[in-house]
Structure formats: structure tokens, C-alpha cells
Amino acid sequence: MKTKITELFDIEHPVIQGGMHYVGFAELAAAVSNAGGLGIITGLTQRTPENLAKEIARCHELTDKPFGVNLTFLPTVDSPDYPGFVRAIIEGGVKIVETAGRNPAEVMPYLKAAGIKVIHKCTSIRHSLKAQQIGCDAVSVDGFECGGHPGEDDVPNMILLPLAAEALDIPFVASGGMADGRSLAAALALGADGINMGTRFIATKEAPVHENVKQALLAATERDTRLIMRPFQNTERVLNNPAVERILEKERTLGSKISFDDIAQEVVGVYPRVMLEGDMNAGAWSCGLVASLIHDIPTCDELVQRIVKDAEQIIRQRLNQLL
Ligand SMILES: Cc1cc2nc3c(=O)[nH]c(=O)nc-3n(C[C@H](O)[C@H](O)[C@H](O)COP(=O)(O)O)c2cc1C
């Protein structure tokens with residue numbers, strides 16, 4: 001399957017693994033890239049540019065295929081060392097960067113001067129247009145279904161993707177709610193040139209997270225995610241658990257008086273405890289509605305092959321026979 005995205009990133013299949021905190025280590029990124037998709041290391045999980053440089057070097061040892069690094073711009077006062085991360089990316093010979101959080105205008109000149117292709121992940125048409133305007137090569141359009149931060153507009157992909165197709169000149173991938181060949185065929189039909197998946201890639205053999213996390217995804221239904229932190233305009237879709245119930249209760253009872261300190265215990269420092277130690281109730285962690293469509297734990301290669309084969313079959317047989 002050749003699309004503008006496979007051509008742009010020089011990959012075999014139009015399937016991208018989005019950056020995921022404490023999930024997107026070299027093992028997963030390399031496994032996705034070796035499967036012919038585009039694997040992405042999560043920059044900020046490495047905490048320092050020096051650690052990121054080592055993780056990039058490790059990924060080069062695990063694959064000779066293209067892979068990317070995610071740079072998430074956080075809404076924090078103490079900003080991470082973004083110039084240092086950018087240097088590690090450039091010096092590490094990485095040629096693709098996924099940006100998210102806010103538009104990457106401040107780092108674009110450095111990335112572009114180094115010949116790096118930038119795919120910006122965002123949740124609205126106006127932010128996609130801004131990304132196009134500042135020179136991003138592609139956009140990852142993240143619908144309301146997505147795990148992580150769906151923004152504040154609550155527009156699902158059935159609406160967002162065709163609007164993106166109408167508005168954008170640069171290629172885009174569908175992100176949020178993507179699980180299988182049906183998702184890929186649908187995304188292509190709606191005008192996307194590929195898919196970006198987060199949650200689905202956590203339930204793979206190579207994802208270097210605790211088995212409890214994978215089992216939680218297998219058990220989840222379409223009614224098991226919740227939206228937290230809306231009062232802070234920093235909405236996050238997470239898997240429900242007692243910590244999430246506590247956050248929602250505080251949001252309900254404290255109303256406009258709520259401050260971040262009120263929920264800090266349930267959201268700060270949670271990822272290593274959940275992802276590495278398997279402490280599933282340690283706090284709130286991102287999870288998409290798509291968890292309900294996850295029924296097995298394949299290798300990344302099995303997953304990507306199956307997605308592409310099933311999409312091809314849907315296009316060639318099911319759709320063709322309807323005509
Ligand atoms: C556990 C988890 C952690 C994530 N962490 C990040 C992150 O650090 N930076 C980022 O840009 N996106 C992050 N995301 C979002 C994903 O890259 C992707 O956009 C999203 O998962 C797509 O929706 P899906 O889960 O329905 O596939 C995370 C998602 C999950 C599930």
C-alpha cells in the first residue's frame with residue numbers, strides 16, 4: 001500500500017506508533033519500524049537529552065529502518081530542556097519528529113535545517129492549519145476517541161477527518177480509535193493517508209510495559225474510559241480506576257475552586273508505577289476508547305501485517321463487491 005505518508009517517511013506500511021509516556025522506549029519503536037510501520041521513541045520519558053541520546057543509539061542498534069522521536073510540549077512552568085532534546089535528535093541522526101502539546105514553531109528552524117520531517121499531532125482543524133502554515137510536513141489528526149489528550153473541542157474522527165481532508169494540503173494520518181484493518185480502510189476512505197495508534201500498540205508482545213497493563217486493555221470495554229482534568233483545560237482520556245473516581249469526585253465537589261494540587265497525588269509520577277511496576281491503581285493513565293477493540297496481544301509484526309492485509313481485503317472485496 002503506497003500513500004503520501006509511506007512515501008514521505010520512506011516506510012512500507014501507513015501505520016505509525018504515536019509517542020507514549022513510559023511505553024515508547026526503543027524496544028517498541030524498533031519493533032514497529034521493523035514491522036514496516038513508523039516507530040516513535042517518546043522523548044520526555046528519557047528526562048534528559050543525554051538519556052535520549054542513549055535511547056536513540058539503542059534504537060539504531062535494534063533497527064536499520066526509519067524511526068522517529070516524539071517531542072511533547074507540556075503546559076508546565078519548569079520547561080524541560082527542549083533545545084537539548086532537539087540537539088540529541090539531530091546528533092542521533094533521527095530524521096522524523098512527532099510533535100504534540102502545542103505547535104512546534106520554536107523548534108522548526110532547527111529541525112528543518114537538519115533535514116528532519118515533522119509530523120505534528122493535534123486535535124483540531126485550526127491547529128492542523130497552523131502546523132501546515134509553519135512548515136510541518138504532515139499532521140496526525142487526533143479525534144475525541146483518542147487515548148491521552150483529546151483537546152477541548154470533543155470532535156470525533158467521523159467529522160474531524162473529512163474536515164481535515166477539505167482543509168489541508170499536506171498529508172495527514174487518522175489518530176484516535178484506530179485498531180485494525182477496518183480502521184485503516186475507513187481512515188483512507190475519509191481522506192487520511194494512514195493511521196496513528198497509541199493504545200493498540202501497548203497490547204503487543206514487544207511493548208516494554210508490565211503484563212498487568214496489557215491485561216487491563218484486554219479487559220476494558222467501550223464504557224471504561226473517563227475524561228479527567230477538564231477544569232484545567234487539559235482534558236485527558238484515561239482508563240477508569242479508583243484513583244480516577246477520586247479525581248472526578250474532587251472535580252465535581254470543588255467545582256471552580258479546584259487547583260492542580262487537589263489532584264496531584266493521582267496524576268504526578270504515576271506512569272513508572274503503572275507501566276513498569278504494574279500497579280494499576282497508582283493513578284490516572286491514558287487509554288483510548290479503542291481498548292474495547294483489543295482482543296489479543298500479537299507481536300508488532302503480526303499486528304501491522306494483519307492491519308494492512310485486512311484493509312486490503314476490505315477495499316478489494318467487501319467494498320468492491322458492493323458496486
Ligand atoms: C499511555 C499513553 C501515553 C501517551 N503519552 C503521550 C505522550 O507522551 N505524548 C504524546 O504526544 N502523545 C501521547 N499519547 C497519545 C498517543 O501518541 C496517540 O496520539 C493516541 O494514543 C491515539 O489514540 P488511541 O489511543 O486511540 O490510538 C499517549 C497515549 C497513551 C495511551
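**Exercise 1. Find which helices and strands each supply at least two residues of the shell around the ligand.**

Solution. Start with the elements: β3 (67–72), β8 (195–197) and α9 (199–202) each supply at least two shell residues. Helices (H or I, at least four residues) and strands (E, at least two) are DSSP runs, numbered from the N terminus. Next, count the shell: 29 residues surround the ligand, and the closest are G18, A100, G147, G198 and G288. Here a residue is near a molecule if its C-beta atom, placed from the backbone, lies within 6 Å of it.

A word on the source: this is a predicted model, where local features need pLDDT of at least 70, side-chain atom pairs count only at pLDDT 80 or more, and totals for chains, interfaces and linings use all residues. Residues are numbered from 1 along each chain as its sequence is written.

**Exercise 2. Work out the strand order of the open sheet.**

Solution. Trace the eight strands: the order is β1-β8-β7-β6-β5-β4-β3-β2, with parallel pairing. Two strands pair if DSSP finds at least two bridges between them. Then look at the edges, β1 (15–17) and β2 (39–42), each of which pairs on one side only. Now zoom in on β2, which four bridges join to β3 in parallel. In this region, I40 stands opposite G68 of β3.

**Exercise 3. Determine how much of the chain is buried.**

Solution. Call a residue buried if 20 or more other C-beta atoms, placed from the backbone, lie within 10 Å of its own. By that test, buried residues make up 47% of the 323 residues in the chain.

Terms used. A residue is buried if 20 or more other C-beta atoms lie within 10 Å of its own, exposed if 12 or fewer, and partly exposed in between; C-beta atoms are placed from the backbone.
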